[in-house]
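I opened this notebook to record what I looked up in the model, chain by chain. The entries follow the order in which I checked things.

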Amino acid sequence: MIAFTVRRLLASIPVLFVSTLLVFLIVASSVDPLAPLRARNPPIPQTTIRAEAVRLGLNHSLPQRYWDWLTGLVLHGNWGTSVSSGYDIGQRLISSFFVTFRLVILAILLSLILAIAVGVLTAVRQYSRLDYAATAIGFLFLSLPTFVFAILLKSWAIEFNQTVRPNGPPIIATLFEASPNPPTSFLGKIGDSAGHLLLPTIVLALVSYASWSRFQRASMLEVLNSDYIRLARAKGLSRSRVLLRHALRNALIPLSTQVALDTAGLLGGAVITETIFEWHGMGYMFIQAIDNYDLYPLLAWLVLASTLVIVFNLIADLLYAVLDPRIRLA
Amino acid sequence: MPEKNNDDAPVLLPTLGASLDQFVRSGGMPQREFTVKARTQREIVFRRFLKHRAAVTSLIVFLLVVLFAFVGPLLWNQSFNFMSNDIEVPPSGTHPFGTDSNGYDLFADVMHGTARTLEIALSVSIASTVIGTVYGAVSGYFRGWVDTVMMRIADLILTIPAIVVAIIVSDKLSASISSAWYFLAFILSALFWPVCARIVRAQVLSLREKEFVEAARALGAKDTRIIFRHIVPNCLGSIIVVLTLTVANTVLVETALSFLGFGVRPPDTSLGTLVSNGQTAIQDGFPWLFYFPALFIILIVLTINFIGDGLRDAFDPQQTRVRA
């Protein structure tokens with residue numbers, strides 16, 4: 001097990017390197033940090049532009065730039081230089097990541113609880129009215145774009161705020177990850193964050209809920225139709241014990257790997273959700289960097305994103321092996 | 001479906017009309033061996049699909065949406081880029097979906113946006129499915145180091161967050177060539193094909209060990225012939241299912257990109273840009289600006305998902321259960 005983990009970890013290092021190369025080539029050849037300077041009116045002197053090119057390390061060939069960037073990152077932990085001064089890429093990346101991470105983790109938890117509960121219920125009561133209703137709702141959420149759902153929730157919350165308390169402060173927070181001047185006490189701060197998390201978490205959770213509940217239903221059905229469940233019932237175990245101890249535990253295995261695989265992908269959904277609720281997380285960092293033609297923060301963002309994909313793929317593989325003893329790691 | 005499949009699994013289903021006829025003629029004695037009718041694989045799949053009511057309804061609705069998008073503009077009296085003097089009119093007879101703050105007729109806008117969204121979705125799904133099928137089939141057929149190298153490359157592309165690279169590249173491309181939606185389609189196809197490649201490869205890996213492949217090889221068929229005439233047609237079921245799922249996925253990604261302002265851009269419109277324009281419309285008192293384009297996105301993705309579900313059930317050889 002440990003040998004397998006180590007080998008997989010080592011194998012993912014070259015993948016990560018090639019992935020950074022690919023990302024660097026795509027991004028560095030399509031994003032020109034000097035474009036806003038060149039487009040400025042009245043035009044600014046060539047020497048200024050050249051000085052900026054040197055400052056950002058753009059005066060070398062593409063392979064040389066990749067090498068400089070990579071060695072700077074690996075050897076010195078240096079993410080490169082932003083076009084705007086006073087922008088510490090590493091620091092910004094970490095602070096943005098934790099804002100988003102909070103949202104993604106809560107959304108995954110909420111979505112998992114809902115998906116497992118609904119998945120198990122609909123599998124046990126297959127083809128019942130509950131099953132059809134849940135399936136219909138599942139398909140609806142599967143087809144509902146994140147941004148449409150986010151805008152709907154936000155507008156409803158604004159309407160709700162206006163009807164319940166027209167002139168006071170809003171009851172449901174619809175903007176930002178925290179109040180402009182949050183309460184100073186620890187509990188007050190937590191409450192403030194939680195209030196702001198409410199709507200974005202629901203949006204993000206329901207998007208993944210749709211596919212996870214379908215997934216859980218299918219795997220639960222497969223387990224329920226297997227011989228060992230029939231045997232467990234036949235030898236006289238109670239229905240609830242068979243369901244929870246024998247069936248559910250095995251039916252959770254496929255879902256757990258699916259969740260690990262989907263987690264990195266939730267980042268994309270988080271970008272959209274954060275944009276609508278005007279959060280200052282990964283989404284904001286990304287869009288701001290694009291608007292400013294800011295090459296190195298973009299690269300940092302993408303390196304973190306592809307690292308997350310690779311790490312979560314690894315976690316999915318390991319989870320599968322840990323949870324299902326039949327799988328041998330050759 | 002190739003004829004080979006019939007020998008693999010002869011599926012004989014009694015038909016009600018014929019069996020009743022036989023039943024009467026034989027004097028009330030059931031004669032099952034004469035009341036069966038052989039069907040081709042294609043017929044079986046088609047009949048199974050027709051039994052899936054949600055899928056059939058969805059197919060009809062989807063075709064209506066396609067007609068609305070592509071034939072509608074020819075019949076409708078207003079163009080999507082014509083500014084009328086009716087500013088922010090609620091839905092009425094002359095403007096079934098109302099107008100926006102510039103006097104654009106939303107009905108014409110939604111038609112044009114739906115057409116654009118569908119064009120992108122269909123071209124991306126067809127292109128990425130064709131590339132993915134060829135790639136996956138070759139990789140799975142040759143196995144060994146060819147497979148290893150090809151699949152590592154595909155995996156690599158999957159580690160790049162699709163939406164993000166699409167934003168970066170389309171940002172650059174549409175700065176130089178405005179309203180070039182086919183660039184967006186090209187980028188999305190370049191990012192989506194590995195999904196299909198992996199699914200086709202997994203199927204080819206098992207199909208290449210089948211007897212009919214061995215027989216074809218014994219008869220002297222070349223590798224390309226075996227892959228494209230014998231193996232790929234047998235994967236058609238999963239390929240079609242992947243195709244429909246890619247359509248749904250592309251619609252979601254394209255509208256999200258256009259919503260953020262990185263996909264289709266003004267003066268061109270897609271359903272995503274229309275929703276983006278109508279973002280604050282609900283609070284501002286013009287809810288139709290948001291609801292109509294949003295409704296069309298949901299309609300397209302929902303119907304495609306149901307069609308995909310129906311196709312998956314229809315192509316599934318193990319499927320025995322009867323749909324309610």
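I take helices (H or I, at least four residues) and strands (E, at least two) as DSSP runs, numbered from the N terminus. On that basis I find 12 helices and zero strands in chain A, whereas chain B has 15 helices and two strands.

Conventions. This is a predicted model, in which local features need pLDDT of at least 70 and side-chain atom pairs count only at pLDDT 80 or more, while totals for chains, interfaces and linings use all residues. Residues are numbered from 1 along each chain as its sequence is written, and chains are lettered from A and ligands numbered from 1 in the order in which they are written.

Confidence. I looked up pLDDT, the predictor's confidence in each residue, from 0 to 100, and chain A averages 81, with 92% of the residues scoring at least 70.

Chain A. The C-alpha trace spans about 85 × 65 × 40 Å along its principal axes. I then turned to the UniProt record, an unreviewed entry, which places the feature "transmembrane region" at residues 9-31, 103-124, 136-158, 193-212, 259-279 and 299-323 of chain A; such annotations may be inferred rather than shown by experiment, and the positions are given in the numbering used here, with feature names shortened. In the model, residues 9-31 of chain A are 96% helix and 0% strand, with end C-alpha atoms 32 Å apart, and residues 299-323 of chain A are 100% helix and 0% strand, with end C-alpha atoms 36 Å apart.

Burial. I call a residue buried if 20 or more other C-beta atoms lie within 10 Å of its own, exposed if 12 or fewer, and partly exposed in between, with C-beta atoms placed from the backbone. By this count 32% of the 330 residues of chain A are buried, and 43% of the 324 residues of chain B. Thr5(A), which lies in helix H1 (residues 2-30) of chain A, is partly exposed because 14 other C-beta atoms lie within 10 Å. I also noted that Thr5(A) and Asp317(A) are 312 residues apart in sequence and 9.4 Å apart in space, C-alpha to C-alpha.

Helix H11 of chain B. Which residues of H11 (residues 223-231) of chain B are buried? I find Ile226(B), Ile227(B), His230(B) and Ile231(B). They lie on the same side of H11(B) because they cover an arc of only 120 degrees around the axis, the arc being that of the directions from the helix axis to the C-beta atoms. What covers them includes helix H6 (106-142), helix H9 (181-207) and helix H10 (211-218) of chain B.

Cores. A nonpolar core is a set of buried Ala, Val, Leu, Ile, Met, Phe, Trp, Tyr and Cys residues joined through C-beta atoms within 7 Å. The largest has 144 residues, among which Leu298(A), Leu299(A) and Ala166(B) touch the most other members. H15(B) gives the most to this core, with 16 residues. A second, separate core of seven residues includes Val120(A), Val223(A), Ala247(A) and Ala251(A).

Interface. With contact meaning C-beta atoms, placed from the backbone, within 7 Å, I find 30 residues from chain B and 33 residues from chain A taking part. Helices H7 (144-159), H8 (162-176), H12 (236-260), H14 (281-284) and H15 (288-315) of chain B each supply at least two residues of the side that touches chain A.

Conventions. Two residues are in contact if their C-beta atoms, placed from the backbone, lie within 7 Å.
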